[in-house]
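Open the model in your viewer and keep the selection tool at hand.

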Amino acid sequence: DLAPVMMFIESDPAARPAAVIVATAEVILRCDLVAHPPAELDGAATLLADAIGDAIGKGAVPPSIVRVRRADLAEALREPLLALGVPVVTSAAELVHLDEFLTGLRRQMTSIERDAGAMSNPATWAAWGFDSPTLATILDSAAAFHAAVPWRGLTDSDVIRIDSRDNTTTWYACVLGSAGEAFGLALYDNVEELAELLEGRNEDDAFARHTGAVVSLTFGPRSDLTPEMRKELAKTKRYDAGSQAWPSMWTLNTIGGGLSRAQVSDLVAALDAIPRFADWLFEHAEEVVEGGLVHVDAATGYTLSLMDIGLASPRLWEVPEYLALALPQGDDADARARHDPDSLEPTMQQDLDRLARYVAAERAERAPAKRVQDDEMAISLFVNIVNGEFGIPLRAFSERDLRIFLYDIFPRKVMRAGDLARTLRASLRRFFAWMEANERLSYPWASAVLRDRQAFDERIRRFPGGGFRDEDVAKWMRELYDDLDDRLMTPETEFEGVGEWGREMGFEEARLFAQLEREWMSWRDGFIRKGITWWEDLTDALVERQRKWERTPQQALGRKSPSAVVKRERSTATDP
């Protein structure tokens, strides 16, 4: 991990400290504080690869998989880590053991009890590491922005979408100052998280649960700044002592807690273009109402548009930028394992035995009795539903299965279990962590899903009530299954030689579709391990593989293909 650590180093106010941490599931192999971490992706990848290589060089066994926080960093690390003997690099929003250590480290070094997230707020502008021309450009653009007073025409809740000239980056901007308290500009790369902040739904946790990048540049009197920053800015001769335009900046969830060259360009363009956009909105108010809110800024080439994000039900999940592994791992994992829930196979009992061993271990560790009781109840329900009702044993349990259980099955089938809803995610996190340590079975993707409290609570809150076929319930379900489609976790609906997989499936078709769902997830992880992670490329590979499966004869089907079997079943079906 390369996470900013918000602290103040008295001996070096020009530092922008971050921690470089290499950890296993149980041991912190190394933790180095870096005073001036890189802000560019390639620099961060080099720093982490060197740290991992050093750990291996000192005797650590090369890992079979390395997980980092960011998807783009995982991509950048694949080649250098492959050279070190690491075959798989993937991303995970939550890295439980490392997160616990990092939280403790941050609190110890800052004396801040409450986690503020990966925030970077150095004591000087020099700490950002900009060269002199870049810093001068930022400060000049900031001064011009303040002089234009755009908060006179824009409120704190007006959200401006800003697309770069080449459409490679998108930010969502808020101009601060209409309330007369804080003045400045804040850029967010996640509009759903911004909507939470504006609606007050994330007020208690502030930015602690925020996963997207934030860049905030604010203005205030000289007294608001650190002594070092006052001296630093005074030397530029841009500010007098009574000015209210002394700038400072903080970031959240950026690489090394800094700003890359691309992010600097976007910040400067936003500072330059937003005042002109505010003037354009005022001058073309009637045209805006009738013709839209999109404006291309001639000077920067950036496109600005005023958004309406005051939606009662914003989209819960972003479309993934790239796709990651989603199957169970470990010696006991078997992604294709599935059984008929009505059969007498011992799978269910095997998983209940896992639960019994976990409960016994909790009691041996003298865990609180209430927690043990809650865990046993929640995990028993979980095992009975996914295994007993759907025939999915824990050794085959995938991210797709977890999302369906949390966001569809649980809200629909256990709606009255309020207490259980409050403990379910924590119980599953503990159970999964125990299985990874003791049962040769792990779900590296599960922690991030289980920590998404907002999505879980929102799915329960939004459930309209009613039966499976009710229109409102179907719409509610569609939100989840559209997201699974975005993640390429559901097979292609087109069926080779048949038309489409049916809504009302016969016995053979339903059995084959269940087989296809497991095969699809296995193919998906197989292609991702080969480096195919972009949506379009992975879609093409998966659809081609599905077509081959549909037309290939199977011994279990009497040497007939799935396509032939379903065509025969449909042709012999009779109306009831």
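**Stop 1: a helix pair**

Select helix 16 and helix 17. Leu512, Gln515, Leu516, Glu519, Trp520, Trp523, Arg524, Phe527 and Ile528 of helix 16 are in contact with Leu538, Ala541, Leu542, Val543, Arg545, Gln546 and Trp549 of helix 17. By type, the residues of this contact are eleven nonpolar, two polar and three charged. Bear in mind that the model is predicted.

Now look along the pair. Helix 16 covers residues 507-529 and helix 17 covers residues 535-551. Their axes come within 10 Å and cross at roughly 140°. Helix 16 and helix 17 are therefore oblique to each other. Their crossing is right-handed.

**Stop 2: Arg518**

Stay on helix 16 and pick Arg518, which sits in that helix. Is Arg518 buried or exposed? Its relative accessibility is 6%, so Arg518 counts as buried, the cut-off being under 20%. Show its contacts beyond four places in sequence: Ala335, Arg336, Ala337, Arg338, Ile392, Ala396, Phe397 and Asp401.

**Stop 3: the cores**

Keep Phe397 selected, as a contact of Arg518. Phe397 also belongs to the largest nonpolar core, which has 74 residues.

Centre on Phe432. Beyond its neighbours within four places in sequence, Phe432 contacts Phe382, Phe397, Tyr443, Ala446 and Leu450.

Notes
Residues are numbered from 1 along each chain as its sequence is written. This is a predicted model: local features need pLDDT of at least 70, side-chain atom pairs count only at pLDDT 80 or more; totals for chains, interfaces and linings use all residues. Side-chain values use heavy atoms; hydrogens and water are left out. Axes are lines fitted to C-alpha atoms, for helices over the stretch in contact, and angles run from 0 to 180 degrees between N-to-C directions. Helices (H or I, at least four residues) and strands (E, at least two) are DSSP runs, numbered from the N terminus. Angles under 35 degrees count as roughly parallel, over 145 as roughly antiparallel, 65 to 115 as roughly perpendicular and the rest as oblique. A crossing is left-handed if the near helix is turned anticlockwise from the far one by less than a right angle, and right-handed if clockwise. Contact means heavy atoms within 4.5 Å. Ala, Val, Leu, Ile, Met, Phe, Trp, Tyr, Cys and Pro count as nonpolar, Asp, Glu, Lys and Arg as charged, and the others, Gly among them, as polar. A nonpolar core is a set of buried Ala, Val, Leu, Ile, Met, Phe, Trp, Tyr and Cys residues joined through side-chain atoms within 4.5 Å. Buried means under 20% relative accessible area, exposed over 50%, partly exposed in between (1.4 Å probe, protein chains only).
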